[in-house]
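Here's a walk through one protein chain, written for someone who would rather look at side chains than at tables. Have the viewer open as you read.

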Amino acid sequence: MNTQTINLLITEAEKARTMAYAPYSNYLVGAALIVPSGNIYTGCNVENASYGLTVCAERTAIFKAVSEGQRHIDAIAIVGAPLNDSSSDYAYPCGACRQVMSEFLPASGDIDVIVAKSTEDYKIFKLSELLPNSFNL
């Protein structure tokens, strides 16, 4: 994946983070993914007083893509930090999000997962590194 695409995904994830609804944790997360057609889908975390009903930014972006007919993800960027803190640490996807990602692998067989503080400070992993033994039927 080229630097231009990486930067675009991080920038879009940062924009999505500003839309997060996180009144309980005050931890705002944004995600942006790209599909094989080049379309980008974004999402933010949406918390709920009943914590189990909270939805992560990654799954929001994935579900938006799937609802638009997409079935494969090439890469996803994730940014997250507490309210009023733009880059405290890398925001890694939770186990549930990792498992959902594994449902939509591209033809290459793996997804690039970008965890970022900014366009200058990020790490890239393969999903298979972050979820070595995914549940598959």
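What follows goes through a loop pair, a helix, some backbone angles and the salt bridges.

## Ground rules

This is a predicted model, in which local features need pLDDT of at least 70 and side-chain atom pairs count only at pLDDT 80 or more, while totals for chains, interfaces and linings use all residues. Residues are numbered from 1 along each chain as its sequence is written, and side-chain values use heavy atoms, leaving out hydrogens and water.

Start with glutamate 47, which sits in the loop between β2 (40–44) and α2 (57–67). Helices (H or I, at least four residues) and strands (E, at least two) are DSSP runs, numbered from the N terminus. Glutamate 47 is buried but has no salt bridge, and the nearest side chain of opposite charge, arginine 59, is 11 Å away. Here, buried means under 20% relative accessible area, exposed means over 50%, and partly exposed is in between (1.4 Å probe, protein chains only). A salt bridge needs a side-chain nitrogen of Lys or Arg within 4 Å of a carboxyl oxygen of Asp or Glu. For charge, Lys and Arg count as positive and Asp and Glu as negative, with His and the chain ends not counted.

So what does the side chain of glutamate 47 make a polar contact with? The partner is the side chain of serine 25, at 2.2 Å. A polar atom of the glutamate 47 side chain also lies 2.9 Å from the backbone nitrogen of tyrosine 24. A polar contact is a pair of N or O atoms within 3.5 Å; within protein, one must be able to donate a hydrogen and the other to accept it, and residues adjacent in sequence count only if both atoms are side-chain atoms. Tyrosine 24 belongs to the loop between α1 (3–17) and β1 (27–34), and counts as partly exposed because its relative accessibility is 40%.

In α2, the buried residues are Ala57, Glu58, Arg59, Thr60, Ala61, Ile62 and Ala65. They pack against β1, β2, β3 (75–82) and α3 (95–102). Just after α2, glycine 69 has a positive phi of about 95 degrees.

Further on, in the loop between α2 and β3, comes isoleucine 73, which is buried because its relative accessibility is 4%. Leaving aside neighbours within four places in sequence, isoleucine 73 is in contact (heavy atoms within 4.5 Å) with Leu33, Ile34, Ile62, Phe104, Pro106 and Ile111. Isoleucine 73 and leucine 33 are 40 residues apart in sequence, yet 6.9 Å apart in space, C-alpha to C-alpha.

## Two asparagines with positive phi

Most residues other than glycine have a negative phi. Asparagine 26, in the loop between α1 and β1, has a positive phi of about 55 degrees. Asparagine 84, in the loop between β3 and α3, has one of about 65 degrees. Asparagine 26 is partly exposed at 35% relative accessibility, whereas asparagine 84 is exposed at 78%.

## Salt bridges

How many salt bridges are there? The count is two. Lysine 15 pairs with glutamate 12, their closest N and O atoms being 3.1 Å apart. These residues are three apart in helix α1, so about one helical turn separates them.

The other bridge joins the side chains of aspartate 112 and lysine 126 (2.7 Å, N to O). This pair links distant parts of the chain, with aspartate 112 in strand β4 (residues 112–116) and lysine 126 in strand β5 (residues 122–126), 14 residues apart. Aspartate 112 is buried at 14% relative accessible area, while lysine 126 is partly exposed at 34%.
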